[in-house]
Amino acid sequence: MMTHVQRGEDGEEFGDLHCSFDRGLCDWISDREGDLHWEAVDSPAGGRYLSVPELKPGQRSNRGARLAVDIVPLLNQGNMCFSFSHWLTGHHVGVLQLFIRKKGRDQRYGSALWSRTGGHGWRQTQVTLETHSVDKVLLKAERRIGRRGQILVDDVTLRQGACL
C-alpha cells in the first residue's frame, strides 16, 4: 500500500495538507475568482498569516477574497477534517464564510456551512467533510463599504479522518 506524503512548508513530511502562510500561499490553495485578494502579513509573534485589507475609497467588492482547497483523489478516501484559525475584529468588519462544492455537473458552491462576523482574538474552527461527495472547499471573506477591522486566516489544514 502506498502512502501519500507531502512536504510541509518547513520541510517536514506528513500525510495531511497544512499551510501556515509563512512562505506565502501554498500551491494547493488557489482561487482567482474573487475581486479582493488575501495578503500575507508578518505576525508580531513571528511567521505570517493572511489578511483581507479594508476597501479603499471608491472600491467595490461583490465576490470577496477567496481561498479554495481542491479535494484531490488521493485524499478522497472517507471523512476529512478541514480546520483553520481566524481572527475577526472591528465594528461591522464583514464576514468570513466556509462553503463546499459537491462533485457533479453543477460546479457551484452550496449555502455557507459556517459563517462568522466578529469575535475577539484567534479562534480555531474544524469541520468534518464527507469527501466522497466534496470536490472543493472555499473560505470567503467579504467586505462592504464602511466595514472596518481585521479579517485574518492562518494554519489551514486538511487531514484524513473526522474532526475531534
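**Entry: ground rules.** I am working with a predicted model, in which local features need pLDDT of at least 70 and side-chain atom pairs count only at pLDDT 80 or more, while totals for chains, interfaces and linings use all residues. I number residues from 1 along each chain as its sequence is written, and I keep in mind that side-chain values use heavy atoms, with hydrogens and water left out.

**Entry: confidence.** I took pLDDT as the predictor's confidence in each residue, from 0 to 100, and found a mean of 81 for the protein, with 85% of its residues reaching 70 or more. Confidence is lowest in strand β1 (residues 6–7), at a mean of 40, and highest in strand β5 (residues 48–51), at 94. Over residues 1–14 the pLDDT is below 50, and this stretch has 23 contacts in the model beyond near neighbours in sequence, a contact being heavy atoms within 4.5 Å.

**Entry: secondary structure.** I counted zero helices and 12 strands, using DSSP runs numbered from the N terminus (helices H or I, at least four residues; strands E, at least two). Of the contacts with a separation of 6 or more, 75% are between residues 24 or more positions apart. Buried residues make up 45% of the 164 residues in the protein.

**Entry: disulfides.** I found two disulfides, each defined as a pair of cysteine sulfur atoms within 2.5 Å. Cysteine 19 is joined to cysteine 26 with an S to S distance of 2.0 Å, and this link is right-handed, with 95° about the S-S bond; cysteine 26 also counts as buried, at 10% relative accessibility. The other disulfide joins cysteine 81 to cysteine 163 at 2.1 Å from S to S, and the link of cysteine 81 and cysteine 163 is right-handed too, with 105° about the S-S bond. Because cysteine 81 lies in strand β7 and cysteine 163 in the segment after β12, the pair ties together parts that are 82 residues apart in sequence. Cysteine 81 is buried with a relative accessible area of 1%, and cysteine 163 is buried with 17%.

**Entry: strand β7.** I then followed β7, which is mostly covered, since eight of its 11 residues are buried. β7 pairs with β10 in the antiparallel sense over eight bridges, with asparagine 79 opposite glutamate 130 in β10; for strands to pair, DSSP must find at least two bridges between them. β7 also pairs with β12 in the antiparallel sense, over nine bridges, and there leucine 88 stands opposite isoleucine 151 in β12.

**Entry: nonpolar core.** Which residues touch the most other members of the largest nonpolar core? Of its 34 residues, I listed Trp38, Phe82, Leu96, Val137, Leu139 and Val156, a nonpolar core being a set of buried Ala, Val, Leu, Ile, Met, Phe, Trp, Tyr and Cys residues joined through side-chain atoms within 4.5 Å. Strands that each supply at least two residues of this core include β7 (79–89), β10 (123–130) and β12 (150–160). Leaving out residues up to four places away in sequence, tryptophan 38 touches, among others, Leu50, Val52, Leu67, Leu96, Leu139 and Ile151.

Notes: Buried < 20%, exposed > 50% of the residue type's maximum accessible area, 1.4 Å probe, protein only.
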